[in-house]
Amino acid sequence: MKNFKFGTATVAFQCEKNLNTGGRGKCIWDDVLLNNKSIAKYSPEPTSEFYKVYNTDFELAKKYGIEVLRVSIAWSRIFPSNSTEINKKQ
């Protein structure tokens with residue numbers, strides 16, 4: 001399997017934290033996770049802080065042989081208020 005790459009992936013709510021920094025707008029998951037009684041124990045805030053320590057995470061991935069790392073960010077971080085105004089704080 002010479003073309004195989006060992007990798008991993010995340011989604012925005014697994015890695016971002018810092019929901020109110022960097023010009024991020026409100027996302028539907030903010031309300032879902034905070035207001036839905038059946039999943040209320042899953043707060044969007046206590047996550048891995050990839051947003052702040054991504055360089056360290058990339059170094060660790062390299063150290064442990066991860067060749068491919070797909071990281072997702074919330075669209076509301078790119079387009080905080082609508083689909084035409086781009087967040088320039090990033």
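Predicted model: local features only at pLDDT ≥ 70, side-chain atom pairs only at ≥ 80, totals over all residues.
Visitor: What makes up the secondary structure of the chain?

Guide: Four helices and two strands, running β-α-α-α-β-α from the N terminus on. Helices (H or I, at least four residues) and strands (E, at least two) are DSSP runs, numbered from the N terminus.

Visitor: Why is Ser 76 called buried?

Guide: Buried means under 20% relative accessible area, exposed over 50%, and partly exposed in between (1.4 Å probe, protein chains only). Ser 76 has 8% relative accessibility, so it counts as buried. You'll find Ser 76 in helix H4 (residues 75-78). Leaving aside neighbours within four places in sequence, Ser 76 is in contact (heavy atoms within 4.5 Å) with Gly 23, Arg 24, Gly 25, Lys 26 and Cys 27.

Visitor: And why does Thr 21 count as partly exposed?

Guide: Thr 21 comes out at 31% relative accessibility, so it goes in as partly exposed. Thr 21 sits in the loop between helix H1 (12-15) and helix H2 (28-35). Not counting residues up to four places away in sequence, Thr 21 touches Tyr 51 and Arg 77.

Visitor: Which residues form a nonpolar patch on the surface?

Guide: Met 1, Phe 4 and Phe 6, with about 420 Å² of accessible area together. Patches take residues with over 30% relative accessible area and no salt bridge; like charges are joined within 9 Å, nonpolar side chains (Val, Leu, Ile, Met, Phe, Trp, Tyr) within 5 Å. A salt bridge is a side-chain nitrogen of Lys or Arg within 4 Å of a carboxyl oxygen of Asp or Glu. Areas come from the Shrake-Rupley method with a 1.4 Å probe; for residues, only the protein chains shown count as cover. Phe 6 has a relative accessible area of 45%, so it is partly exposed.

Visitor: Where does H3 bend?

Guide: At Thr 56, by about 45°. The bend is the angle between axes fitted to the seven residues ending there and the seven starting there.

Definitions and conventions:
Residues numbered from 1 in each chain as written. Heavy atoms only, no water.
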